[in-house]
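Good morning, and thank you for joining. I shall speak briefly about aromatic side chains and the residues around them.

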Amino acid sequence: MTKPPRKPSQPLLGDAEAPLRSRPRRRRDPDQPQLPFDPMPERIEPCLALLKPKPPKGPQWRFEIKWDGYRLHVHIEPGRVRILTKGGHDWTHRFPAIAAEAAQLGVATAIMDAEAVVLDEQGRSDFGRLQKSLGGRGGKRVSDDSVAMAFDLMYFDGHDLRGAEQHVRRHLLESFLADDRRGAIRLSEELEADGELLLKVAREHQLEGIIAKDRNSPYRSGRFGDWVKIKCVQSGSFAIVGYELSMSARGHLAGLMLAARRGGKLVYVGHVGTGFKESEAWKLRAMMNKIPAKRPAVDYAGSRKSVVWVRPTLIAEIEFIGWTADGKLRHASYKGLRERADGAVVEEI
């Protein structure tokens, strides 16, 4: 036992004769947290996957199916749920089933990273069905048949998890989302498998691709290579700069003229003439007729007969199998229009 200190020759705390009293203690508010909590972010910029031609190798990589839908962050807060798109728009009202289920998870506070999808009969995500459920681009419908495939957790129980390793965040997400859930919020399955074999299986099942994640990485907003996407079929977002008019085609629309960005400038990358139904073709024509342009937004050396130029404000999601030697899309197919609210940006090449 240590000896008590000697009585000092001079008082350390003022008058030695005056009694020292601490401030009276107040009763603790039961709603007051006992530990300091991290403030809940109003919004988090998403972590983005880097496109690679082949899956990475190494024991630190874990794999998931790549879902084709709208990226969402589901905020669970005391007394309310917010659902934000990749672009930061509040779409809580457009996904009522997801919001209602989030409120019933029994979690006080959380921010989940997820993809809103509509599944087909084989359980594959179908971007066209998702768009239709929301009323198309610029539509105002609510989507009751959308499912949120959750794959990460950035904030939980009053603590910011972005600095934690991916496998830690995943473990916490699995603590309240069972892998057999079949409701409006489901756990995106994580697979510990050989990436090349998994990509082959994804191709056989006609999936969009796979995602590889470094299990030791933090959650970093932006595109740093902690997450990697490998696509079975390539796809990207391209600006519509014009269309080819044909009286014999569906909606009198023979094809869309497409552009990507290179060095901050739009460049022509070819046209797409397949993938849209007649009803979609007429809707596209109506949209493009509202944004005519006197001159093209790109340098274009081809025939301008029957080409109608438009301002590059519409962004189309296009599937293709590769690029030609002169920088044009090969075997392009139209999938739908991307929402700017979803953070859609024109492909950089």
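Is phenylalanine 238 buried or exposed? Phenylalanine 238 is buried, because its relative accessibility is 0%, where buried means under 20% relative accessible area, exposed over 50% and partly exposed in between, with a 1.4 Å probe and protein chains only. Please note that this is a predicted model, in which local features need pLDDT of at least 70 and side-chain atom pairs pLDDT 80 or more, whereas totals for chains, interfaces and linings use all residues. Residues are numbered from 1 along each chain as its sequence is written, and side-chain values use heavy atoms, leaving out hydrogens and water.

I turn to ring pairs. Rings of Phe, Tyr and Trp (its six-membered ring) pair if their centres lie within 6.5 Å; planes under 30 degrees apart are stacked, over 60 edge-to-face, and the rest tilted. The count is 12 aromatic pairs. In one of them, tryptophan 91 and phenylalanine 95 have ring centres 6.3 Å apart and planes at 35°, so this pair is tilted. Tryptophan 91 is buried at 8% relative accessibility, and phenylalanine 95 is buried at 0%. The rings of phenylalanine 238 and phenylalanine 320 are edge-to-face, because their planes stand at 70°, with centres 6.0 Å apart. Phenylalanine 320 also counts as buried, at 4%.

Finally, charges over rings (NZ of Lys or CZ of Arg within 6 Å of the ring centre and within 35 degrees of the ring normal). Lysine 213 lies over the face of tryptophan 227, 4.1 Å from the ring centre. Arginine 220 lies over the face of phenylalanine 224, at 4.4 Å.
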